[in-house]
Amino acid sequence: MITIGCDVGSLFSKAVVMDGDDIIGKKIIATTGRIAAEVHDLLKAVMKSAGISADRVDCLGATGNGVGLVKGASFMEDTVTCAGAAAGYFIPEVRCAIDVGGQSITSIAIDEEGGVRNFMRNDKCASGSGRFLEMMSAKLGLSLRDVDKIAAEARNVVNISSQCGVFAESEVITHVNNGENKGDIMAGVCSAVAKMVSAQGRRFGAAEHFTLLGGVAKIDTITTMVRKSLGGHYHPFPFDPQLATAVGAALLGDSD
Amino acid sequence: MFAGIDVGSLTAEALVIHEGRIVGSEIISVLPNPVDSARVVMDALLSRKGLTWKDLKYTISTGYGREKIQHYGLAQETLSEISCHGSGAHTLDPEVRTIIDIGGQDAKVIKLDAKGGLDDFVMNNKCAAGTGHFLEAMSRALGVGLEDLGPLAMKAKKPIAMSNRCTIYVETEVIHYLQRGASREDVAGGITMAMADRVVSLARRIGPENKIMITGGVAKNKAVKAALEKALGKKIAYPNLDPQLIGAYGAAVYAAAKGGSK
């Protein structure tokens, strides 16, 4: 059974082709203005990366902000259910998944059967989101790809005291103007994100067995800081954590 | 003569009074160090009026770094911004019971008793939404100057309601509406409504009572004042002094009361 999972997010759109429990094709593109056309191209590209044609796909599961723009979807579900399903299926011992996406932080409580028991989401405010990290990196002239490399050079982690992205940006500029080195500032930004992620996770009981999902979970500096702050048992998602929600859409579509 | 110095996040103000009347005032953009801001703004005022620091009998500093300003001998005493705004607004108009003060990086709502004493207050300095910073970011997104945002919003035919609160997300929303061909006037109108919405929800936490006065730099934006009046369902008075000077004026009034009796 071959299924495609497609997650149209606020900053990135992701698609995976799954053959049973294996990912045989994957693709991530930036979400811009022409979502319908982008999704069309994304699906074509992901099938090409898996080396399959459209007639071999048994199910197309769609999720994300732009779910309505995935033409031909045979299954639609919200992102919380999909992310929870992916975490619950691949890491059965996990009871909490913290999904740090482009514009939100979502903590998902997962029951013994791998279903979503409850969730908590901050999407009102950019604090701690991928967008926050992107803005701060941009002020340092860095792309998200460089975050870990630059943060690794830190000797003294600077303190970013504001939670608000706008005020934190001013703090970053002040640190740059004071001549602090980029590594120290970048590590300070990562620490601020980790604090916000951990705070939400802790309120939601993430201390026991937890995992981190979403694009921000790809940044090792941040996951290490979150693990240190939360304690408990961290279980890494077995695939690229940014793909987790798309994987969940494929899984749920498969079992539908 | 008595003086007040108020150093904010974006601007610093100085004001001098003599026998209850304002002799002069000055507003500058802040320098990195609040002590420098205080010195430069007062120097500018004094030299323009042909005065010297020696003419100032008693000075009170307020705002950011007010202790440092006193420590360096530029003021004899410090007082919180809340007390200074209360004193300034009460002296201008004794009927004022609520002050809505919107500055560059924070917003405060202050309730006064009949004598001008502090009754209650709430402040937002955690989130840029509902502060001057929000309007700055939005005017940048619209490609207009900060001072043009109000006049533009006043011309809105059908203000576009923003669905987000966060400054960062509203900025994206603004760009999205502009790309879809919405008029800049209608978008500016929506920005103003979003701004008022944040400030009103802050004000409601302590229940604003008449008479309400608006102070701080954002008060100069007439569209924000009108949107606040509409959202609150109450009239808001505009001070008969530059609304950015209320804190410095209140400090000077206090200085006269304290220094005059010494």
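G150(B) sits in helix α5 of chain B, which covers residues 146-154. The model is predicted. Is G150(B) buried or exposed? It counts as buried, because 20 C-beta neighbours lie inside 10 Å and a residue with 20 or more is classed that way. Beyond the neighbours within four places in sequence, G150(B) is in contact with N221(B), K222(B), A223(B) and V224(B). K57(B) is another matter. G150(B) and K57(B) are 93 residues apart in sequence, and their C-alpha atoms are 40 Å apart in space.

**Domains of chain B**

Chain B is divided in two. Domain 1 takes in residues 1-93 and 241-262, and domain 2 takes in residues 95-238. Their centres, taken over C-alpha atoms, are separated by 26 Å. Across the boundary, 15 residues of domain 1 of chain B are in contact with 22 residues of domain 2 of chain B. Which helix gives the most to the side of domain 1 that touches domain 2? That is helix α3 of chain B, residues 81-92, with 7 residues. The residues on this side of domain 1 divide into 5 nonpolar, 9 polar and 1 charged.

**A sheet in chain B**

Five strands of chain B form an open sheet, in the order β8-β7-β6-β9-β10, with mixed pairing. The edge strands are β8 and β10 of chain B, and each pairs on one side only. In general, strands of a sheet pair through backbone hydrogen bonds, either parallel or antiparallel. β9(B) and β10(B) pair in the parallel sense, over 2 bridges. I212(B) has I236(B), in β10(B), as its bridge partner.

Helix α7 of chain B, residues 184-204, packs on the sheet. Helix α7 touches β6, β7 and β8 of chain B. Its direction makes about 35 degrees with that of β7(B).

| Strand | Residues |
|---|---|
| β6 of chain B | 98-102 |
| β7 of chain B | 107-112 |
| β8 of chain B | 118-124 |
| β9 of chain B | 212-215 |
| β10 of chain B | 236-237 |

**A helix in chain A**

Helix α6 of chain A runs over residues 182-203, 22 residues in total.

Technical notes:
Residues are numbered from 1 along each chain as its sequence is written. Chains are lettered from A and ligands numbered from 1 in the order in which they are written. This is a predicted model: local features need pLDDT of at least 70, side-chain atom pairs count only at pLDDT 80 or more; totals for chains, interfaces and linings use all residues. Helices (H or I, at least four residues) and strands (E, at least two) are DSSP runs, numbered from the N terminus. The expected span of a helix is 1.5 Å times one less than its number of residues. A residue is buried if 20 or more other C-beta atoms lie within 10 Å of its own, exposed if 12 or fewer, and partly exposed in between; C-beta atoms are placed from the backbone. Two residues are in contact if their C-beta atoms, placed from the backbone, lie within 7 Å. Two strands pair if DSSP finds at least two bridges between them. Axes are lines fitted to C-alpha atoms, for helices over the stretch in contact, and angles run from 0 to 180 degrees between N-to-C directions. Domain bounds come from an automatic or database domain assignment. Ala, Val, Leu, Ile, Met, Phe, Trp, Tyr, Cys and Pro count as nonpolar, Asp, Glu, Lys and Arg as charged, and the others, Gly among them, as polar.
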